[in-house]
Amino acid sequence: MDSLEARLKFIEVIKTLHKTLNVSKDTSPSTAQSSATDPVHFYLMHYEDHYEDFHRCLFETAGSMDSLDRLNVLIYWSRLISSLWPRCLKEMDGQYNVAGRVVHDYLLKDLNKMVQLVTPENDWKALTNLQIAIDIFLYIKKIIGEVNDTEVHKLTCPRSQFKLDENLFSKLKLKSFELNWGSPADSCEDAIKDTLDLLVDRRTKAIFLQECFKQHGVINIPASSSANTILHRMENDRERHKKSKEHLWFTERDYSMLEVSEFDILWEQNRKGMTRDDYQDIKQLHRLAQESYLYQI
């Protein structure tokens, strides 16, 4: 596959992430059908020859999308890192292999720029991407072994512990949305630190927006997304939420929905079996079922 064909196919992969991202997480290059449905599989099959082209395609295609749709690209970005990280090895000369170069010199190095695309400046609606972007950032830090609770405290602390500065409070009183938004540095040695600063800035804006709503009620914020894009995003969020619950078999509770004493009373009341009222209720339900359209011939 030449460079042009690879770019065209990869652009199509990126544009259809909303359909294929949750289809499969299997990254083993086993079947042709898997490569057709799993975008991570496609990348792993061809990145060694085309990783530079693929990297440009990710930014160019994401830049042409609505900010709400770019979240899928960031999720895809994180899955590429998690899939390539175990393959990162250093050669005898101390240089990284292809997977290592892709992860360190491209995906991690430009993480701040991709996060900025997902949460662009002055795009208030894009703050709906923020929590997932934070979760992805923490996940990536865990993968690469840079977990520091002190550094990420402003991302993980409760809302009550996150303090707005005086300048934002004055803007809040005036109901002014002319704020200074942070942006990634053109060239920085630590893209992870720059990404952290960017996410903290966006969380500040999100909390500012929440406080503004609490004080002033309904606020008018320009939204450039079409209704179809918003509905599309809602469907993706529902699908992602459903996928996240697939392996959650129970929910822990610190309390009982029914007090023990109340349960014992109800249990004792019904230990004698069915009463005449119960049989009458069943007869009534049977009559209603017979009259239902489900039982009509």
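Tutor: The second largest pocket has a volume of about 200 Å³. A pocket here is an open set of points on a 1 Å grid over the protein atoms alone, where a 1.4 Å probe fits, with protein on both sides within 12 Å along at least five of seven lines. Its volume is the space filled by probe spheres set on the points.

This is a predicted model: local features need pLDDT of at least 70, side-chain atom pairs count only at pLDDT 80 or more, and totals for chains, interfaces and linings use all residues. Residues are numbered from 1 along each chain as its sequence is written, and side-chain values use heavy atoms, without hydrogens and water.

Now the lining (residues with an atom within 4 Å of a point). It consists of Leu-127, Leu-130, Gln-131, Ile-134, Asp-135, Leu-138, Leu-155, Thr-156, Arg-203, Ala-206, Ile-207 and Gln-210. Two or more residues each come from α8, α9 (153–156) and α11. Helices are DSSP runs (H or I, at least four residues). Helix α8 gives the largest share, five residues. By class, the lining has seven nonpolar, three polar and two charged residues.

Next, the packing of α8 on α11. The axes (lines fitted to C-alpha atoms over the stretch in contact, with angles from 0 to 180 degrees between N-to-C directions) of α8 (residues 130–143) and α11 (residues 191–216) come within 11 Å and cross at roughly 155°. So α8 is roughly antiparallel to α11 (over 145 degrees). In contact (heavy atoms within 4.5 Å) are Leu-130, Ala-133, Ile-134, Phe-137 and Lys-141 of α8 with Ile-192, Thr-195, Leu-196, Leu-199, Arg-202, Arg-203 and Ala-206 of α11. Eight of these residues are nonpolar, one is polar and three are charged.

Helix α8 also meets α5. Their axes come within 10 Å and cross at roughly 10°. That makes α5 roughly parallel to α8 (under 35 degrees). From α5 come Leu-71, Leu-74, Ile-75, Ser-78, Ile-81 and Ser-82; from α8, Ile-132, Ala-133, Ile-136, Tyr-139, Ile-140 and Ile-143. The classes are ten nonpolar, two polar and no charged residues.

Follow α5 onward. Helix α5 (residues 70–84) packs on α12 (residues 227–244) at an angle of about 35°, with their axes 11 Å apart. Leu-71, Asn-72 and Ile-75 of α5 meet Arg-233, Asn-236 and Arg-240 of α12. This contact has two nonpolar, two polar and two charged residues.

Conventions
Parallel < 35°, antiparallel > 145°, perpendicular 65-115°, else oblique. Nonpolar A, V, L, I, M, F, W, Y, C, P; charged D, E, K, R; others polar.
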